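Dear colleague,

Please find the structure below, together with the sequence.

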Amino acid sequence: GTGSGGSAPAGDGGASGSSGGGGGDVPSVAFVPKLQGVPYFEAMNTGGQAACEEIGCEWLYQGPVEADAAAQSDVVRSFVQQGVDALVVAPNDPDSISPLLQQAADAGIAVATSDTDAPDSVREVFVEQASTEGIGEGLTDALMEAMGGSGKYAIVSCGETAQNLNAWIEVQRSYTAEAYPDAEIVDVVYAGEDQARATQLATDLMNANPDLTGLVGECTSSAPGVAQAVRDAGRIGEVSTVGLGTPQAMLPYLEDGSSSAAILWDVEALGYLTAYAGTQLAAGEGFDDLSAVTDTYPDVTYDDATKTLLLGPPLRITADNAGDYDY
Amino acid sequence: MTGISKSFGAVRAVRSGELRVRAGTVHALVGENGAGKSTMIKILAGAEQPDTGEVRVDGRRAAVGSTAGAIDLGVATVYQEPQLFPDLTVAENVFLGRELRRRGRVDWAAQNARVVELLELIGLPASYATSPVRELSIAERQQVSIAKALGGEARILVLDEPSAILTDAEIEVLFTVVRRLVATGVSVVYISHRLDELFTIASEVTVMRDGETVGSYAIEDLTVRRLVELMVGGVPVEATGRSDVPDAPPLLRLEGLSAGERLTDLDLAVRPGEVLTLYGLVGCGAAEVAEVVYGVRRPTAGRVLVDGEPVQPRSPRHARALGIGLVPPDRKLQGSFSFQSIAFNIAAGNLPLLSRAGVWVDRARERRVAREAIDRLSVKTPDERTAISAMSGGNAQKVVLARQLVERPRVLVLAEPTQGVDVGAKEEIHRIVRGIAEEGSAVLVVTTDLGEAIRLSDRLVVLRAGRAVADFGPGASQADVLAAAAGETAGAAA
Amino acid sequence: MGSTVLRAVLTQRVLLLVVLLVVVVGFFLNLSARNYLAAPFDGRYLGLALINLPPLVMLALAELLVITSGRGGIDLSVGAIVSLTGMVFGLAHGQWGWPLVPAVLLAAAFGALCGAVNGGLVAYLGFPPLITTLATYYAFSSLAIVITSQQPISTAPIQDLYVLARAVPVVGDVALPLSLLVFLLPTVVVVWLLLARTAWGRRVYAIGTNDVAAEWSGIDVRRTRFLAFTAAGLISGLVAVVTTAQFASARPDAGTAGNGLALPAITIAVLGGVAITGGIGRVSGVVLAALLVVWLNAGILLAVAGNTGTQLQLLALGAVLVAAALLNGLAVRRYGAVT
Amino acid sequence: MGSTVLRAVLTQRVLLLVVLLVVVVGFFLNLSARNYLAAPFDGRYLGLALINLPPLVMLALAELLVITSGRGGIDLSVGAIVSLTGMVFGLAHGQWGWPLVPAVLLAAAFGALCGAVNGGLVAYLGFPPLITTLATYYAFSSLAIVITSQQPISTAPIQDLYVLARAVPVVGDVALPLSLLVFLLPTVVVVWLLLARTAWGRRVYAIGTNDVAAEWSGIDVRRTRFLAFTAAGLISGLVAVVTTAQFASARPDAGTAGNGLALPAITIAVLGGVAITGGIGRVSGVVLAALLVVWLNAGILLAVAGNTGTQLQLLALGAVLVAAALLNGLAVRRYGAVT
Ligand SMILES: Nc1ncnc2c1ncn2[C@@H]1O[C@H](COP(=O)(O)OP(=O)(O)OP(=O)(O)O)[C@@H](O)[C@H]1O
Ligand SMILES: Nc1ncnc2c1ncn2[C@@H]1O[C@H](COP(=O)(O)OP(=O)(O)OP(=O)(O)O)[C@@H](O)[C@H]1O
Ligand SMILES: [Mg+2]
Ligand SMILES: [Mg+2]
């Protein structure tokens, strides 16, 4: 075992059914999402479980009930105490998580980030769903298609400090300026991981900017949120929306046209890759040989300079293919 | 009511209560403070459940389970404080909790009609039905309380100390109402500490002592003195003031003092070592004098001088800094920190004295001061850590008094020092007050208790309608003082 | 004359709110006419902004009942009741296939049950309302999360409910959300009737003004207070239907996300003149206060661009609340009493 | 004999908490010894879990001061003060380059200033504390967001502060967070001294027990109450430093994210035996209540895997609070009084 988790040996196969610790014969990989209960992370959970059954690891999943750095750190701390072999976090606040990852690493736990990076931390790898450029440009292209390449649009983002969202927004800004000179981003607002708040902010944006013709929901709670706002306002067809939404959540909006497209990736695959990355790290192995995953997900690549494991190009989900995914 | 007993935790408020009220009479219930009178009538009114005993109405056993149940049985109760809602109209107040209904909805018209009848019965103009209660005078509110109690078909009316807050003229109105009701066959249970008034209104008296019924007597067989003896089980001792107070320049002077609507242009001087009592009926302005001297109220004119120096007390804190102490009239509300200990209660008013560098409480000294006070005032308590809420009224009053005596104030004002206190404790408090005066303080007592005023004073000033109307030495006669307080024209009524 | 008007405005909260409402709307109309705003502040916009009104006013009315019933009455758990009842309603209508009307009745009954838990603890066991409803806030919101393992319910029947949130044309191009007509108006009318016209309403004011005096007047104080909390729960249950419709999904954090719905509801109630000490409060004040806040916020959004606008809304709410309290203080000092 | 013990436990909150603490810790130690937990529940873990203690206890002590001062005293704005002061501290230490000690003093002073705003409104202008601090909660949290246009500050000096959250070995492999030793312990000692040993503490209990009697005893009631709110603000300012260190970043929503820090602080205070009606409350009770909640939560996380674990924490908090209130009610009915 690699864990230095306490003097007593961790429980093996106890009644709780989730033995942690380094005593087991398969490595334990713990994943802490930003928030429990949202379909996106639950789909990652599904993918991670599938991966562990396949490649032989123990998958532990526990998320906070609030998308809040403090609540998340309690869960992380509990996993450190459990002495898991690998710990993967999708941090709510990268700044806050860095020192905790350091503590985990000091305790001999392999640490990684997934979905959202904490670039200044000691994480050994970041499991990235799609390249920043891929997502930013994919969102912009999908929206511009719906808006006819021109007009004013606004972004409803989520966590103010979420590093990945902010990076995508940067790409959207520069790419819009470069490729669609007639289009303009008028505002970026932050709704947190709260769909109701996203709807509220989108409604406010439409009211405040009557000539607004596009909205982007930057995360899985704001994508349906902005579509909802357009639907509530009865402005389907006048205001186009795109966003990062999960297929099932977006399906009704895609069907009635309040959302034109969702940009996403195969979330279960991201969960799968996360479990894989954790297992590799726990075994002390790197990512030079990706053959174990490329059979299933051929687009996976690894960039050693940034220590990033990339799932591949993003998917564009429309009314036609949304039904193919059951999350 | 027979064989009634009721305990609150360890306190046995009523041990064996008996009360028989004949129809169409006024039956007085008297006893020392804490004798159990209010508890008896609360049981009758369904506000408390008796531990043992039974209540019979018209010979039939009555299950008085709740206040609503008692009202259904025809027991109507007017508690000591008017229990009215100032923002609701008279009609709404009268029918609150048992609105007249027609087809499930409140029948406002029927209610107003019935209220007009009731108002007539108790001698108030019909136009009051729709006035908010906040616009009525205290006496009128008392009448409305009676109307409220009579709102149902009341056969027994209970009045708990209805006269305590009324002036003599207002008491006359009350008695008229009571007599009118009795004439219609209603029985009235009448509780009062003003024993003299019983002789004009009651036909029978039940005396309680220590939670037990001593007996019931026809009023013709009693005198005030006999009644007091029955209540205390012994003969009360008279204390007297001195006529030989050493002559000295006054310590406290009031010059042309006016405040609010009740106090106009009062001049007063209290010498060191003197106990001066301000006596008057409720609302005479004496309470305002105490408040002005203690900085709770600003005078509208005139000034206060201590030791010849004009001072203007801005707050109780300021007054205390000037050497003025005050024992407040409302022990519970203004005087005690209920669930805190005796030591805490005494220290609370003396923190600057009891702390080092004004910051750290000197806890040893805090305890010592409390123990000294307990000894000096003979407070009955196991130790200084007892909560004041667990003490009897008289002992609690002594603790509140003790707070003002840690440092003997140069000027001590006592407002109603023995209100709600029984005869024994009263004697003791009077002895203490005399002691303080003899040590050289100027003591100003404000009281509406005639006996107390006469017993305690070196000098007695009578206030009427905000003015000093008479000045007596020690041992004034009750009749003289009352006549002065009630005014020469109404003097005959006393 | 002038002083009579001043006095009336200062001592009568409803008048003060009407004046403020006229001032705020007039101010933004003026800005709008001079083209200072990002978009016209017109009847259409004012109507659109009302989508936020139903949950806000309904929960503020729930607080009105509870706060007016006195003895520190307050209900911190209304948002949690919305969350939990929303999940129950979502299950019934969205998964078990109950038709809409029985499902709405279930929501009302379940909300009332939650309110009755509060009411029982407060009225019959004598717990302090603040603490009781803080505890049930934790319990209800936790149950809301547990009941479906935090999965929102967004099946077809639930999604179809969003017609309730849709605006229906009323006059000209002014449209009002359907939920305002179907849920809010009836609730306002019923609560007003309850408080102003029934004996129970008198009892609520009585126990709020003076608990002991009410008891001695033969009022069943505990039952009256119990019913006030139960009614508040019932209203919260209806709000659960409104928010579920509004978001086309029953979400376990509907009433508790962010700051939750309880604090804004209390804020509106207090702004509407409900005395935190009990016994004073009117339906009209609460409705006017909510309108004031909603339209003030809508105006700020047009006047101030970007994030600053949404941030200023919070500040404005705090400022309005302090100002109302200050005016109240002034009025009490000057004229004695305030209604 | 048995009944004496029962009576003592029921009527003395501190004893009850000690018993509960022993039961909870014993229960989890037992589970741990039988290998039912995901990881050992040992001294090391108990120590680690204490990282959450400093903000919780410190803010609960702030509430202790304010609630004990009576007349409905409560402070809903402590979380917002933490957010706002955190940003001020972040600017000073993280951007303007102020050294640590002056920056901490600035945070304390700024927090005290925020508390003084509450105190001024409540004590001198007579506003109800619930409403006042609700209003300043809005205002302070809005300012915290506006002050840096919602950007967190996480420069090198701020990141270095994380040492404060780091555990330092105490005995064996038990380690305690540095902030517990540097911030929490001194705060606990100072608040205890203030309440139990100073004249001001006596005044706080006096005004909390009976406002009018305190005034008539010559106590400067308004000043005493003002200082209670100011001290609560000061403590909140120190908490801002602690949370900034803990998250290695000054975040504008540090004290207001999720449910915010105020409700948990009030919960802990009440659980610790602080009477919401004022005049009763002890430091020891508050500290024990916080320990109980923190260790109960830590145990639940090890005992229940997956999302259910975090969901149960909320439920447990609600249950403990209701249970404490029930026991209180029982004790009052049976033995009269409770301290
Ligand atoms: N609710 C209560 N809890 C505890 N003790 C009580 C309670 N009510 C009354 N008592 C006690 O019962 C005793 C009798 O009180 P009661 O009020 O009946 O006296 P009373 O004769 O009406 O006196 P007063 O003349 O002062 O009104 C007193 O010792 C009092 O302290
Ligand atoms: N709430 C209470 N809790 C505990 N003990 C109490 C309580 N109320 C009264 N007692 C105790 O019960 C006894 C009787 O109290 P009560 O008020 O009847 O005295 P009392 O005869 O009226 O005395 P006093 O002449 O001082 O008014 C006292 O020893 C008092 O300390
Ligand atoms: Mg007594
Ligand atoms: Mg009595």
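I begin with one residue of chain C. Arg225(C) is buried, with a relative accessible area of 2%; buried means under 20% relative accessible area, exposed over 50%, and partly exposed in between (1.4 Å probe, protein chains only). The structure is a predicted model, in which local features need pLDDT of at least 70 and side-chain atom pairs count only at pLDDT 80 or more, while totals for chains, interfaces and linings use all residues. Residues are numbered from 1 along each chain as its sequence is written, chains are lettered from A and ligands numbered from 1 in the order in which they are written, and side-chain values use heavy atoms, with hydrogens and water left out.

Arg225(C) belongs to helix H12 (residues 221-247) of chain C. Helices (H or I, at least four residues) and strands (E, at least two) are DSSP runs, numbered from the N terminus. Apart from its neighbours within four places in sequence, Arg225(C) is in contact with Ser69(C), Gly70(C), Arg71(C), Val122(C), Ala123(C), Ile207(C) and Asp211(C), where contact means heavy atoms within 4.5 Å.

Leu100(C), by comparison, is partly exposed, at a relative accessible area of 34%. This leucine is found in helix H6 (residues 100-124) of chain C. Together, Leu100(C), Val101(C) and Leu105(C) make a nonpolar surface patch of about 280 Å². Patches are made of residues with over 30% relative accessible area and no salt bridge, nonpolar side chains (Val, Leu, Ile, Met, Phe, Trp, Tyr) being joined within 5 Å and like charges within 9 Å. A salt bridge is a side-chain nitrogen of Lys or Arg within 4 Å of a carboxyl oxygen of Asp or Glu. Accessible areas come from the Shrake-Rupley method with a 1.4 Å probe; for residues, only the protein chains shown count as cover.

Among the contacts in chain B with a separation of 6 or more, 65% are between residues 24 or more positions apart.

Strand E21 (residues 411-415) of chain B is mostly covered, with five of its five residues buried. Val411(B), Val413(B) and Ala415(B) point one way from E21(B), and Leu412(B) and Leu414(B) point the other way. Two strands pair if DSSP finds at least two bridges between them. Strand E18 (residues 324-327) of chain B runs parallel to E21(B) and is joined to it by four bridges; Val411(B) is the bridge partner of Ile324(B). E21(B) also pairs in the parallel sense with strand E22 (residues 442-447) of chain B, over five bridges, and Leu414(B) has Val445(B) as its bridge partner there.

Elsewhere in chain B, four strands form an open antiparallel sheet in the order E14-E13-E16-E17. Its edge strands, E14 (263-270) and E17 (309-311) of chain B, each pair on one side only. Strand E13 (residues 252-259) and strand E16 (residues 301-306) of chain B run antiparallel, joined by five bridges, and Leu252(B) has Val306(B) as its bridge partner in E16(B).

As for the chains together, five pairs touch, and the most contacts are between chains A and D. No contact joins chain A and chain B, whose closest C-alpha atoms lie 39 Å apart.

With kind regards
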